[in-house]
Amino acid sequence: MNAVSEDVEKLVEKELEAANERFPQFHSSHEGWAVIREEAEELRQETDDVEEALNILWERVRYNMQPHPRFATKIKERAIAAACEAIQVAAMAQKYLDMLERMEKEESE
């Protein structure tokens, strides 16, 4: 198992707690889906940015060009941003699951 997976789980919980303090629970499955989708799109943008910088870095390595820390720095920064977005996706997915549980409980009452 990944060395930081437990830490990531805790970060997902922390992100969910912060989101629940700032925003109400999802009112519908459509709203929940839209929020998860938005976060997933932000994650994709960050991973696309990593890929772009990685391709530039590879071209410099491949053609024996002078190494420049700018590209590795961008990869690191965008990867951290992607990790944050992935945590938000996971937190919103949990918020969605919490909504489903709440709805199921209300139906059974």
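Let's start at methionine 92, which touches Ala19, Phe26, Val35, Ile36 and Glu39 when residues up to four places away in sequence are left aside; a contact here means heavy atoms within 4.5 Å. Keep in mind that this is a predicted model, in which local features need pLDDT of at least 70 and side-chain atom pairs count only at pLDDT 80 or more, while totals for chains, interfaces and linings use all residues. Residues are numbered from 1 along each chain as its sequence is written, and side-chain values use heavy atoms, with hydrogens and water left out.

Met92 also belongs to the largest nonpolar core, together with Val12, Leu16, Ala19, Phe26, Ile87, Ala91 and Met99. Such a core is a set of buried Ala, Val, Leu, Ile, Met, Phe, Trp, Tyr and Cys residues joined through side-chain atoms within 4.5 Å. Buried stands for under 20% relative accessible area, exposed for over 50%, and partly exposed for what lies in between (1.4 Å probe, protein chains only). Helix 1 and helix 3 are the elements that give two or more residues to this core, and helix 3 gives the most, with 4 residues. In soluble globular proteins, nonpolar side chains tend to be buried together.

How do these two helices meet? Helix 1 (residues 5-22) and helix 3 (residues 69-108) pack at an angle of about 65°, with their axes 8 Å apart. The axes are lines fitted to C-alpha atoms over the stretch in contact, and angles run from 0 to 180 degrees between N-to-C directions. On the helix 1 side, the contact includes Val8, Leu11 and Glu15; on the helix 3 side, Gln88, Lys95 and Asp98 are among the residues.

Now for the chain as a whole. The protein chain has 3 helices and 0 strands; helices (H or I, at least four residues) and strands (E, at least two) are DSSP runs, numbered from the N terminus.

| Property of the protein chain | Value |
|---|---|
| Radius of gyration | 19 Å |
| Span of the C-alpha trace along the principal axes | about 70 × 30 × 25 Å |
| Buried share of the 109 residues | 20% |

A compact globule of 109 residues would have a radius of gyration near 13 Å; the radius is taken over C-alpha atoms, and the globule rule is 2.2 Å times the number of residues to the power 0.38.

Finally, have a look at asparagine 64, in the loop between helix 2 (29-62) and helix 3. Asparagine 64 has a positive phi of about 55° although it is not a glycine, and asparagine 64 counts as exposed because its relative accessibility is 69%.
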